[in-house]
Amino acid sequence: MTSLEPVREFPAPVRPAMAGSSHRARRDVGTPIDTDLLGRLERLALSHACELVEAAFRGDRLRLVIDHDDGVTHDLCANVSREASVLLDAEDFGPASGYILEVSSPGLDRELHGVRDYERFSGSRVRVTYADAGSTDRRTVRGQLLGLSPDDPGLALVLEDDSGDTLRISIDNILKARLLVEL
């Protein structure tokens, strides 16, 4: 058995404030994760040249989704998992009965989270579910992501749907956006 180094503390990353952008690691699904702990998990991912895309605690499962410019390998997931486990144990995280830690990549049909992903995957085929402000009606559209367009007062996602129409959807109205896999 090898001994593990303690998790190194790194300064918090500086992110420019953008209209319509939100915190990249999702805290809105399942049990909320403490903001300070979430920051330490983000810094841990950064220490491996990764981005923490999602952190969600549901039931007895903590799921960390990481991304790396050169792809996410099994070894990378294992290393992040090992260090995250040490950090979480030190924080006394989770229920007394224990929890399962999952570390994975976003996958080919990844969910898009915020401005950076919308810019990064411009030109890709996507499926977007949205609801207009004040409405409970959800709509889902498929098409090619053309990018972002400044909108008053925020940002809008611009896409050409499968029928050829160009749509502008306020980022604040997007419920879920996901890449479509084309084989």
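**A pair of packed helices and its surroundings**

Analyst: The protein exposes about 10600 Å², and carbon and sulfur atoms supply 48% of that area. This is a predicted model, and the values that follow are computed from its atoms. Of the 183 residues, 40% count as buried. The protein has 3 helices and 8 strands, which run from the N terminus in the order α-β-β-α-β-α-β-β-β-β-β. When contacts are taken between residues at least 6 apart in sequence, 55% of them join residues at least 24 apart.

Two packed helices are described by the angle between their axes and the distance between the axes. Here helix 1 covers residues 35–47 and helix 2 covers residues 74–90, and the two pack at an angle of about 150 degrees with their axes 10 Å apart. Because angles over 145 degrees count as roughly antiparallel, helix 1 and helix 2 are roughly antiparallel to each other. Their crossing is right-handed.

Which residues make this pairing? From helix 1 come L37, R40, L41, L44 and S47, and these meet V80, E83, A84, L87 and L88 of helix 2. Sorted by kind, the residues of this contact divide into 7 nonpolar, 1 polar and 2 charged.

In the loop between helix 1 and strand 1 (51–58) lies A49, which has a positive phi of about 60 degrees although it is not a glycine. A49 counts as exposed, because its relative accessibility is 53% and the cut-off for exposed is over 50%. With a relative accessibility of 66%, D92 counts as exposed.

Is I66 buried or exposed? Its relative accessible area is 1%, so I66 is buried. I66 and C77 stand 11 residues apart in sequence, while their C-alpha atoms are 7.9 Å apart in space.

Terms used. Residues are numbered from 1 along each chain as its sequence is written. This is a predicted model: local features need pLDDT of at least 70, side-chain atom pairs count only at pLDDT 80 or more; totals for chains, interfaces and linings use all residues. Side-chain values use heavy atoms; hydrogens and water are left out. Helices (H or I, at least four residues) and strands (E, at least two) are DSSP runs, numbered from the N terminus. Buried means under 20% relative accessible area, exposed over 50%, partly exposed in between (1.4 Å probe, protein chains only). Contact means heavy atoms within 4.5 Å. Accessible areas come from the Shrake-Rupley method with a 1.4 Å probe; for residues, only the protein chains shown count as cover. Axes are lines fitted to C-alpha atoms, for helices over the stretch in contact, and angles run from 0 to 180 degrees between N-to-C directions. Angles under 35 degrees count as roughly parallel, over 145 as roughly antiparallel, 65 to 115 as roughly perpendicular and the rest as oblique. A crossing is left-handed if the near helix is turned anticlockwise from the far one by less than a right angle, and right-handed if clockwise. Ala, Val, Leu, Ile, Met, Phe, Trp, Tyr, Cys and Pro count as nonpolar, Asp, Glu, Lys and Arg as charged, and the others, Gly among them, as polar.
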